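Visitor: I am new to this structure. Please show me how to read its features one at a time.

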Amino acid sequence: MSAKTGTISLGGNAVDMPVKSGTIGPDVIDIGKLYAQTGAFTYDPGFTSTASCESAITYIDGDEGVLLHRGFPIDQLAEQGDFLETCYLLLYGELPTAAQKADFDYRVTRHTMVHEQMARFFQGFRRDAHPMAVMVAAVGALAAFYHDSTDISDEKQRMIASMRMIAKVPTLAAMAYKYTIGQPFVYPKNSLDYTSNFLNMCFAVPCEDYKINPVLSRALDRIFILHADHEQNASTSTVRLAGSSGANPFACIAAGIACLWGPAHGGANEAALKMLSEIGHVDRIPEFVKKAKDKNDPFRLMGFGHRVYKNYDPRAKIMQKTCHEVLAELGVKDEPLLEVAIELERIALSDEYFIEKKLYPNVDFYSGITLKAMGFPTSMFTVLFAVARTVGWIAQWKEMIEDPTQKIGRPRQLYTGAAPRDYVPVGKR
Ligand code: CMC
């Protein structure tokens, strides 16, 4: 049987391009030789039709609302597993056995402390610095503290750097939070599981005991699972592009955190909660829906729409359930923001504009309300996303570095600037 090809015809010159098929999902036309054969580039701003790499980690079917990690549906992982198990799966490709899980959990737990000098590094920031600004700097600075795991050609060092980041990013995130509120840093506690330890580092104070609520710990663990990876999104592509130059892994993850901060990406949970507060009451929803539909108004319903999902985001369903569980556990009744969110979702899902454009709530729509109820300030929302996504970035970065065909990422462009012209000395301009 002959291999599939696609033909591109340009100025009477027809060239055959190989077509590659994945396990599931759309085929891709391999245009790697297009320029050599036709002298033309392809043009796809925002990569809406372009696969940038081969990957065996995560699969999304946006039309059907499907998200799989290494083949496992996100709802099964979120409801039956824990976050560190998902980390293991993303990194190693299979679910761990009980012994492998115990060993992995132990290794992550033993790496949670950061170099004591990091504490002094924090003192250089203003107390009102956004914790994402602190995270970009602190994670990048890990390269300066852990020189012995920056050689990307050494498999062992790659794995040590990976474990260090999965373990230390939560510690840095909790330190960023404590710093902004002027409380002392809380050291990690090895007797606690990953997520309970994170809650403890964020909310414990030296003057009294902090009792971890297992319902909240489980809910946050589930939120981490929901955010662990999402194939070639903007921050992951940033990590891959940064890593393609051979940059050290700490620098690459810092680049990913910087990208995640944007309101169209990870910053959307913070923006969604702000929007719900601004709406304030269900009576004002029609006014905001009208603004979102107005072409001349840049306002968008935050937490709605997704580049890939043109159906209900599968993570949003679990997030909504988690939100109700957390509010019930905390005895939050008549939370006005939840009331606004439920009504806004109902109205938007029955509105022609949103139906036609296939705009559904995404994972960020309910996560803000949940995190707020747990006691996190809005400025920490994207930081929590970064804590969870660190493993996805690392798994994708490792996959890229270990791919023998990997090259530096270097997109082309359509140049629309001035044609060649001669320099005019300043006195003659
Ligand atoms: N509210 C109102 N209209 C919208 C919205 C929205 N939230 N999202 C998209 N549209 C409209 C948009 O105006 C455009 O209309 P038209 O075709 O008439 O010009 C159409 O829908 C398509 O939008 P687009 O911007 O071309 O789509 P995109 O794939 O480039 O953008 C998005 C995806 C997520 C950036 C966008 O939907 C958005 O800005 N949503 C709000 C921010 C948000 O919630 N982001 C979180 C994403 S999920 C978490 C993550 O992965 O980081």
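Guide: Buried means under 20% relative accessible area, exposed means over 50%, and partly exposed is in between, with a 1.4 Å probe and protein chains only. This is a predicted model, in which local features need pLDDT of at least 70 and side-chain atom pairs count only at pLDDT 80 or more, while totals for chains, interfaces and linings use all residues. Residues are numbered from 1 along each chain as its sequence is written, and side-chain values use heavy atoms, with hydrogens and water left out.

Visitor: Where is the place of Glu-231?

Guide: Helices (H or I, at least four residues) and strands (E, at least two) are DSSP runs, numbered from the N terminus. Glu-231 sits in the loop between helix H9 (214–226) and helix H10 (234–244). Its phi is near 40°, a positive value in a residue other than glycine.

Visitor: What is phi of Lys-358?

Guide: Phi of Lys-358 is near 55°, again positive in a residue other than glycine. Lys-358 belongs to the loop between helix H16 (352–356) and helix H17 (364–374). With 40% relative accessibility, Lys-358 counts as partly exposed.

Visitor: How do I read a sheet, and what is the order of E1, E2 and E3?

Guide: Two strands pair if DSSP finds at least two bridges between them. Here an open sheet of three strands runs in the order E1-E2-E3, with antiparallel pairing. Strand E1 (5–10) and strand E3 (28–29) each have a single partner strand, so one side of each is left without a neighbour in the sheet. Six bridges pair E1 with strand E2 (residues 13–20) in the antiparallel sense. In one of these pairings, Thr-7 has Asp-16 in E2 as its bridge partner.

Visitor: What is the order of the strands E4, E5 and E6?

Guide: Another open sheet of three strands has the order E4-E5-E6 and antiparallel pairing. Its edge strands, E4 (58–61) and E6 (72–73), each pair on one side only. E4 and strand E5 (residues 66–69) run antiparallel and are joined by four bridges. Asp-61 has Val-66 in E5 as its bridge partner.

Visitor: How many residues surround the ligand?

Guide: A residue is near a molecule if one of its heavy atoms lies within 4 Å of it. There are 20 residues around the ligand, and the closest are His-265, Lys-295, Leu-301, Gly-303 and Arg-307. The shell divides into nine nonpolar, six polar and five charged residues. Ala, Val, Leu, Ile, Met, Phe, Trp, Tyr, Cys and Pro count as nonpolar, Asp, Glu, Lys and Arg as charged, and the others, Gly among them, as polar.

Visitor: Which ligand atom is 2.6 Å from the side chain of His-265?

Guide: A polar contact is a pair of N or O atoms within 3.5 Å; within protein, one must be able to donate a hydrogen and the other to accept it, and residues adjacent in sequence count only if both atoms are side-chain atoms. An oxygen atom of the ligand is 2.6 Å from an N or O atom in the His-265 side chain. A ligand nitrogen atom lies 2.7 Å from a backbone N or O atom of Leu-301. A polar backbone atom of Gly-303 is 2.8 Å from an oxygen atom of the ligand. The protein covers 75% of the 950 Å² of accessible area that the ligand has on its own, by the Shrake-Rupley method with a 1.4 Å probe.

Visitor: Which backbone nitrogen does the side chain of Gln-157 reach at 2.9 Å?

Guide: That is the backbone nitrogen of Asp-151. The Gln-157 side chain also reaches the backbone nitrogen of Thr-150, at 3.2 Å. Gln-157 lies in helix H7 and is buried, with a relative accessible area of 16%.

Visitor: How many salt bridges does the count come to?

Guide: Side chains of opposite charge can pair when their charged atoms come close. A salt bridge is a side-chain nitrogen of Lys or Arg within 4 Å of a carboxyl oxygen of Asp or Glu. By this rule the count is 19. One of them joins Arg-164 to Asp-148, with the closest N and O atoms 2.9 Å apart. This pair links distant parts of the chain, 16 residues apart: Arg-164 is in helix H7 (residues 155–181), and Asp-148 is in the loop between helix H6 (131–145) and H7.

Visitor: Is Arg-164 buried or exposed?

Guide: Arg-164 counts as buried, at 11% relative accessibility, whereas Asp-148 is partly exposed at 46%. In another salt bridge, between Arg-284 and Glu-287, the closest N and O atoms are 3.2 Å apart.
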